[in-house]
Amino acid sequence: IAFTREEEEQIKQVLDDPQYKLKNKAEIKVVFYIGMYTGQRLKDCVLMQWQNVDLEQRRIFVKQFKTGKEVSIPLAEPLRQLLSEVKAQNLSSTYISPNVAMRYKQKDTRGKAVGDNYVNIDVMRVIRWTGVETTVDVPGRKRKMTIRGFHSLRHSFCSHCAEAGVPKGRHHQILVEAVRRQLCGNRTYALSLRQYRVYFHRGWL
C-alpha cells in the first residue's frame, strides 16, 4: 500500500526529530530518500555507491542486485540536495551510507546473512514511529501481513515522477526494470509492463 503525501512528510519529520533514536539514523534518512525518489529496492538503496551518482548531471545509475538490469534515473532536487550535503561530509567512502551498508552485509557465526534483517527492522521502526499501520490480521494466517514498508516507497516514486512531468510509461518502466515480480507465498512471478500497470493501479503491488 502506498504512503500518502502526509505520511511521507511524517517519515521525513521523524527522521529529522532528535527525540527518535536509531542506529545510523542520518544514513537511514539517506536510504529513505533514495528509496522515495528512485523507487529502488532496499538493498539497492543501502548498497548504492558514489560512483553511481552524477550530481552535476543530476542522474543516478543503478544496476539492480536482483535483476542485473541497469537503470538511469533523474535525480530529484530534494535527493540531490541531501546527497550534496552528505558528499561534502564524506569524501572518502565508497558507499553513500557506509555504516548502514556494513550493517546490511553482516553475517552470523555460521556465515548466514543476517544484516538485511537488522536494517529492515530499523526501517520499519521509523515507519511505525509515524503511527502508520504496517500490518493487518489475515483470516486463516497466524502471522499478520505487512501492508506498508520500504516497498511502499516505490509508489511514492511514481507520485514524484508524475509531479515532475515524467511520462507515466517511463516511470512505470523504471519500476518494472527494478522489480519485475509479484510475490505469492514463496513463489515469484515475472511481470510484463502491461501486467505491472494493471496490478499497480489495482493496488496489488
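User: At what angle do H2 and helix H4 pack?

Analyst: In this predicted model, the angle between H2 and helix H4 (residues 77–89) is about 150 degrees, and their axes lie 10 Å apart.

User: How are they oriented to each other, roughly parallel or roughly antiparallel?

Analyst: Angles over 145 degrees count as roughly antiparallel, and H2 and H4 are therefore roughly antiparallel to each other.

User: And which hand does the crossing have?

Analyst: The crossing in which H2 passes H4 is left-handed.

User: Which residues meet there?

Analyst: From H2, the residues are Lys29, Val30, Tyr33, Ile34, Tyr37 and Thr38; they meet Pro78, Leu79, Leu82, Leu83 and Val86 of H4.

User: Turning to the core, how many residues has the largest nonpolar one?

Analyst: That core has 42 residues, and Phe32, Val46 and Leu83 are those with the most contacts inside it. Helix H2 (residues 25–38) provides the largest share of this core, namely eight residues. Leu83 is also among the H4 residues that meet H2.

User: What does Val46 touch?

Analyst: Leaving aside residues up to four places away in sequence, Val46 touches Val31, Ser97, Val100, Ala101, Tyr104 and Val119.

User: Now the protein overall. How many helices and strands are there?

Analyst: There are nine helices and seven strands. Of the 205 residues in the protein, 43% are buried.

User: What about the surface?

Analyst: The accessible surface of the protein is about 11600 Å², and carbon and sulfur atoms account for 48% of that.

User: Which share of the contacts comes from residues 24 or more positions apart?

Analyst: Among contacts with a separation of 6 or more, such residues account for 53%.

Technical notes: Residues numbered from 1 in each chain as written. Predicted model: local features only at pLDDT ≥ 70, side-chain atom pairs only at ≥ 80, totals over all residues. Heavy atoms only, no water. Core = buried A, V, L, I, M, F, W, Y, C linked by side-chain atoms within 4.5 Å. Buried < 20%, exposed > 50% of the residue type's maximum accessible area, 1.4 Å probe, protein only. Helix = DSSP H or I, 4+ residues; strand = E, 2+ residues; numbered from the N terminus. Contact = heavy atoms within 4.5 Å. Areas by Shrake-Rupley, 256 points an atom, 1.4 Å probe, with all protein chains shown as cover. Axes fitted to C-alpha atoms, helices over the stretch in contact; angles between N-to-C directions. Parallel < 35°, antiparallel > 145°, perpendicular 65-115°, else oblique. Left-handed = near helix turned anticlockwise from the far one by under 90°.
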